[in-house]
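Hi everyone, thanks for making time for this.

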Amino acid sequence: MQNRKEQQRNLALKDINAGIVETHSHLRYPYRLNFYDKPPLEDITIEEFETAALDRLRVLAEIESCFARNRTFKEMQTVILENVCSKYLELNRTSNELKPLDDERRKDHIGHFVLRLAFCRSEDLRRRFVKAETTLFKLRYETEDSLERVKFLGSRNFDWILASPEEVQELVPSTSSEKPGNYYKVKWTRVPDLVEKRRVLMKRGMAYVPAAEQASIVFQEFQAHLEKALEATAKALPRLDEDTRLVPILDNLSKGFQAGVSSEWSGATEGPDGALRADMIDEMAYKHFPACMRNLHMCLRRDKHLKHFGRLQYGLFLKILGLSIEEALAFWRKSFSSIQDDKFNKEYRYNIRHSYGLEGKRANYAAKSCQQILMSDEPGPGDSHGCPYRHFSADNLQSALLTMYGEHGLSSADMPEIMNMVKAKHYHVACTRVFEITHARQGVKKGEGVGGGESVTHPNQYAARSRELAKKMEEGKEADGDVVMQG
Ligand code: SF4
């Protein structure tokens, strides 16, 4: 039976084909959905190039995390479209005329093509990119206004033929009492997934796809189209390797995707606000630090020393957390308690000041993101930097996590779930799950991540969110206290 929605859609499709329904000719990008047939040809600044790509990467990486967490399609709509895309890759419906639709769509267009360049380089990257992009397309398609969707479909030639009622009558089993709805005829090779699931009728090499499954043809088409385009881009890429401005950006992007986590977190370069004192760090580490920083802190207390990369990873993290240069010097001086002042001043003072941009080239160094910690400077024996989820053995990781977070609600019953994520190499997803468990007392539920379902991408983001939750809880208590006092 054809339902009302389908009827409306078919009528609209007819109208479009007949040129009755107006398309949005005032927009450069008339449709929110895009098959990305042509690359953007206008001038693009390097900054635009990079921002569009990084923001899109953030969305694709979160889509991969959703798969790792077995989120349903419905949950993904909330996490990806409502939370992540609304921050990084807003793409409003055409009916939302007050929004800068062309700008949003241009960013979407540019970002897609930059990431094609970054991810066409290996088969594994291509496969993951196609999966994440097709999912993003599906999420948008399913939430599109039905009329807009019909207009978009009408703008492309999907090469499907509406089967005649006689053909359908012939194919649909005569025992069926219901009147069959519309069917679209396509070559069976275009819908292998539907054939495999036996969701289509077959005759002489043609698949008869019921109207309800029409979207599958669209998704299959999107995927096949992108796979082909990526292979073509891979062949053309060597020519681009001569461009010294673009290659480092593309390398960085593909590294981010390899780590399964994007590199950006907006707070990563914020300077210290000076609110944190050296003597507060023990308590702060215990309450709010992710495993990488908890581990560095524990090693520092145990050995009264940290090697170079450990100092760098931890020092920049503390800087972004709010430790001023004076407090940082006091913290490290006190922590390296077994060495003399003279040695400290000679060997360490300069490096600490350097990381605050007060020596050398005076750069404002950002704290390391999960991506950097996961992918570079692999720790060797005796090193304490890195990410425990990736760099510890399974046994060491489990006992370290229980030591660090046992008092915050993590128990051995949680370990199989965490270790499965680690085994599948979704390290930051495991870290996110630990965050949820250890903040359940502050009201964080499974699947919420560090807010809105987002996964951990930066140690400072983990700590900032943890502090924020504790503050909210404190304020809640105070407010309750006021009520009691007033009462
Ligand atoms: Fe640290 Fe990121 Fe690893 Fe968590 S996932 S422990 S925040 S590096």
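One thing to keep in mind throughout: what you see is a predicted model.

Okay, the whole chain. The secondary structure comes to 22 helices and four strands. There are 487 residues in the protein chain, and 49% of them count as buried. Now think about who touches whom. If you take the contacts between residues at least 6 apart in sequence, 71% of them join residues at least 24 apart.

In what order do the four strands line up? The order is 1-2-4-3, in an open sheet, and the pairing is antiparallel. The edges belong to strand 1, residues 161-162, and strand 3, residues 201-203, each of which pairs on one side only. In case this is new to you, strands of a sheet pair through backbone hydrogen bonds, and they can do that either parallel or antiparallel.

Let's zoom in on strand 2. Strand 2, residues 183-187, is joined to strand 4, residues 206-210, by five bridges. You can find some of the pairs yourself: Lys 187 stands opposite Met 206, and Val 186 has Ala 207 as its bridge partner. Strand 2 also pairs with strand 1, this time through two bridges. There, Ile 161 is partnered with Lys 185. So is strand 2 enclosed or open to the outside? Four of its five residues are buried, so strand 2 is largely enclosed by the rest of the structure.

Now for the helices. Helix 10 covers residues 246-258, which makes 13 residues, and it reaches 18 Å from its first C-alpha to its last, close to the 18 Å expected. Its buried residues include Leu 246, Val 247, Ile 249 and Phe 257. What do the buried residues of helix 10 pack against? They pack against four helices: helix 2 (46-68), helix 4 (101-119), helix 5 (123-142) and helix 17 (370-375).

Finally, two single residues. Ser 335 sits in helix 14, residues 325-335. Is Ser 335 buried or exposed? Its relative accessible area is 4%, so Ser 335 is buried. Leaving aside residues up to four places away in sequence, Ser 335 touches Leu 300, Arg 301 and Lys 304.

The other residue is Glu 82, in helix 3, residues 73-88. Glu 82 is exposed, because its relative accessible area is 53% and the cut-off for exposed is over 50%. Look where Glu 82 ends up, though: Gly 452 is 370 residues away in sequence, but the two C-alphas are 8.5 Å apart in space.

Terms used
Residues are numbered from 1 along each chain as its sequence is written. This is a predicted model: local features need pLDDT of at least 70, side-chain atom pairs count only at pLDDT 80 or more; totals for chains, interfaces and linings use all residues. Side-chain values use heavy atoms; hydrogens and water are left out. The expected span of a helix is 1.5 Å times one less than its number of residues. Buried means under 20% relative accessible area, exposed over 50%, partly exposed in between (1.4 Å probe, protein chains only). Contact means heavy atoms within 4.5 Å. Two strands pair if DSSP finds at least two bridges between them.
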